[in-house]
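Subject: Structure handover

Hello,

Here is the structure we talked about. Please open it alongside this email.

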Amino acid sequence: MASTLRSAIRCTNGSRASFTTSTRVASASRRCLSSRALSQPCRTPNPNLRNAIKLQPSNFNFPTRQLSTVASDPKAVALEIPVFQFKDILPHGELPPTKTLKVNIDGQPFVFDNVFLRDACTCNTCVDPSTQQKLFTTSDIPIDIYPRRARVSDGRLKIEWSHRLTKSAIPENLKSDYHWSFYSGEFLKNSATPIASVKSNMSDFRRIYWDKKIMEKEVFWIEYEDYMKNEVALAKALRHLSFYGLIFIRNVPDGREVDQVPGLAERIGNLKRTFYGDTWTVKSIPKSKNIAYTSLDLGLHMDLLYFESPPGLQFLHCVENTVTGGESYFADAMRAAFMIQATSPTVFDTLTRFPVNFHYHNDAKHYRFSRPIVVMKNPSENYHPQLGIDHINWAPPFQAPFTMDNTGAMVSKSTHWRKFLKGMGQLNDQFENPANQYEYLLKEGDCVVFFNRRVLHARRGFDAQSGKRRLTGGYVDIDAFESACRVLAERHPDEGRQDTTGFEYLTEHAKDFGYTQWS
Ligand SMILES: [Zn+2]
């Protein structure tokens, strides 16, 4: 290996040539990276996930090494290490100290930090092959580490490092001199730019904003049988759910005797247990502790915002419905916020900062949490205006009195208060506009699933004397949902790749507001 490197350098005389290399990357190397996410749930199956997505052992139990022998992918990544970046080549073909390594990916140069690369090593001594857990800390890497040798072969970048890790707590075999690391072309490509990095690390980055007209056209229904038994159909449904934040399941079995919500929820992940129970029932009862249990009109809101970690996904199964009225309706709160972001940036900014207090103080419980109405994504998860907003907090029935503003000033002295109120009013106007609401009267056997942090839900008042109305609900955390989406996308990559839903819309929308970085 060293001699290959040396001869390459000699022959090109240190000028603008490259080490050898156009190569095809086995699709397996991609799977090798993603096998991290898959292996844990698989190796230690959680008995609680009765109906969770069944992981096929053959998909991920074979050793990592075997993966590199799988036939090559049509999506080949060409890697090159340009020689000219090294001013001096040391005797014996060793490379001189550097802070970064430049790699040509499909002919384009990208620069990788040496510590980033060393940290990302997934060899069997750096990442436990059984648990897929990393065996060292980033701070164990000497900051002056550099590639002592580097080359490309078998479609992978191979680096021999100048330094070993520093900590003594790490396994003995990590202490050996001259550790070798291997990187797939796809990993490097996915790590090279913000866009590639976001795309490869999120389950699906698309969010399609909707109003009544769009939802009436795009509303998505899946049959219960497909949802429970057909993984490809489930993948499609969850992708739609991640784009729009709202889907419906039909022909769910009778929930009067056997609660169907646990089965529906656990197809995605664990039920989130709250003080309402694993699941809960909404029906008209007198002297209710919660407005949801009465027959009054229940306005647009989100659930449990007084929790530190409110649920991401909500299921509502219609078990019985023979009353007059009681239509459900939904609104895309993220779209409303985006409209304000696009038209009144300073008002929008106040909505991202001014704290709103939410509480539940009743029935021997006192929950409380403060959060701004609009929460933005981390910059590392955001490269497009439509990704800027992460979620919305809106639950008027559970608001507590205001206290201080985001600078610590009492509301009476706050210079942000009036602007904040203006923003709240603009948001509410958007929510209440019937052109932004999708209305549907749930029938027995229907189950609606929605993003509790994005889509507002509400119910029209109904005549409690006119019949029976009973819904059963449950929650699943967004982490479980995103995990299920990633696993399904890994397992059915072709399904997702062909799905261009929303791309056109995103592109058009971005242009409207002067954003050009989308591609
Ligand atoms: Zn390693």
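This is a predicted model: local features need pLDDT of at least 70, side-chain atom pairs count only at pLDDT 80 or more; totals for chains, interfaces and linings use all residues.

Below is what was found in it, region by region.

The chain has 519 residues, and 50% of them count as buried. It holds 17 helices and 22 strands. Take the contacts with a separation of 6 or more: 76% of them come from residues 24 or more positions apart.

Zinc site

Start with the metal. Four residues coordinate the zinc ion: Cys121, Cys123 and Cys126 through SG, and His179 through NE2. The distances run from 2.1 to 2.3 Å. The angles between the 4 donor atoms are 98 to 118 degrees, so the arrangement is tetrahedral. For reference, the ideal angle for four tetrahedral donors is 109.5 degrees. Along the chain, the donors follow the spacing C-x1-C-x2-C-x52-H. Cysteine 121 and cysteine 123 are both buried.

The three-stranded sheet

Next, an open sheet of 3 strands. The order is S1-S2-S3, and the pairing is antiparallel. Strand S1 (79-80) and strand S3 (108-113) are the edges, each pairing on one side only. Helix H6 (residues 185-192) packs on this sheet and touches S1, S2 and S3. The direction of H6 makes about 85 degrees with that of S3. Strand S2 (residues 100-105) is joined to S3 by 6 antiparallel bridges. Isoleucine 105 sits opposite glutamine 108 of S3.

Helix H12

Now look at H12, residues 333-343. Of its 11 residues, 9 are buried, so the helix is mostly covered. Those buried residues run through Ala333, Met334, Arg335, Ala336, Ala337, Phe338, Met339, Ile340 and Gln341. Aspartate 332 caps the N-terminal end: one of its side-chain oxygens lies 3.2 Å from the backbone nitrogen of methionine 334.

Two residues of H12 deserve a separate look.

- Arginine 335 belongs to H12. With a relative accessible area of 13%, arginine 335 is buried, because the cut-off is under 20%. Its side chain makes a polar contact of 3.3 Å with that of asparagine 436. Leaving aside residues up to four places away in sequence, arginine 335 touches Tyr209, Trp210, Asp211, Gln430 and Asn436.
- Threonine 343 also lies in H12. At a relative accessible area of 60%, threonine 343 is exposed. A polar atom of the threonine 343 side chain lies 2.7 Å from the backbone oxygen of methionine 339.

Strand S20 and its partners

What surrounds S20? Strand S20 (residues 455-459) has 5 of its 5 residues buried, so the rest of the structure largely encloses it. Val455, His457 and Arg459 point one way, Leu456 and Ala458 the other, and all are buried. Strand S13 (residues 328-332) runs antiparallel to S20, with 5 bridges between them. In that pairing, tyrosine 329 has alanine 458 of S20 as its bridge partner. Strand S10 (residues 298-301) also pairs with S20 in the antiparallel sense, over 2 bridges.

The S14–S15 hairpin

Strand S14 (residues 356-362) and strand S15 (residues 365-371) pair antiparallel over 7 bridges. Histidine 361 has histidine 366 of S15 as its bridge partner. The hairpin has 2 residues between the strands. Aspartate 363 in this hairpin takes a positive phi near 55 degrees.

Please check the backbone at two loop positions.

- Glutamine 132 has a phi near 60 degrees, a positive value in a residue other than glycine. Glutamine 132 lies in the loop between helix H5 (114-119) and strand S4 (147-153). Its relative accessibility is 15%, so glutamine 132 counts as buried.
- Leucine 304 has a positive phi of about 60 degrees, although it is not a glycine. Leucine 304 lies in the loop between S10 and strand S11 (313-321). At 2% relative accessibility, leucine 304 counts as buried too.

That is the handover.

Best wishes

Key
Residues are numbered from 1 along each chain as its sequence is written. Side-chain values use heavy atoms; hydrogens and water are left out. Donors are N, O and S atoms within 2.8 Å of the metal (3.2 Å for Na, K and Ca); water is not among the atoms, so sites may look incomplete. Four donors count as tetrahedral if all angles lie between 85 and 135 degrees; four count as square planar and six as octahedral if opposite donors are over 155 degrees apart and all others between 65 and 115; anything else is irregular. Buried means under 20% relative accessible area, exposed over 50%, partly exposed in between (1.4 Å probe, protein chains only). Two strands pair if DSSP finds at least two bridges between them. Helices (H or I, at least four residues) and strands (E, at least two) are DSSP runs, numbered from the N terminus. Contact means heavy atoms within 4.5 Å. Axes are lines fitted to C-alpha atoms, for helices over the stretch in contact, and angles run from 0 to 180 degrees between N-to-C directions. A polar contact is a pair of N or O atoms within 3.5 Å; within protein, one must be able to donate a hydrogen and the other to accept it, and residues adjacent in sequence count only if both atoms are side-chain atoms.
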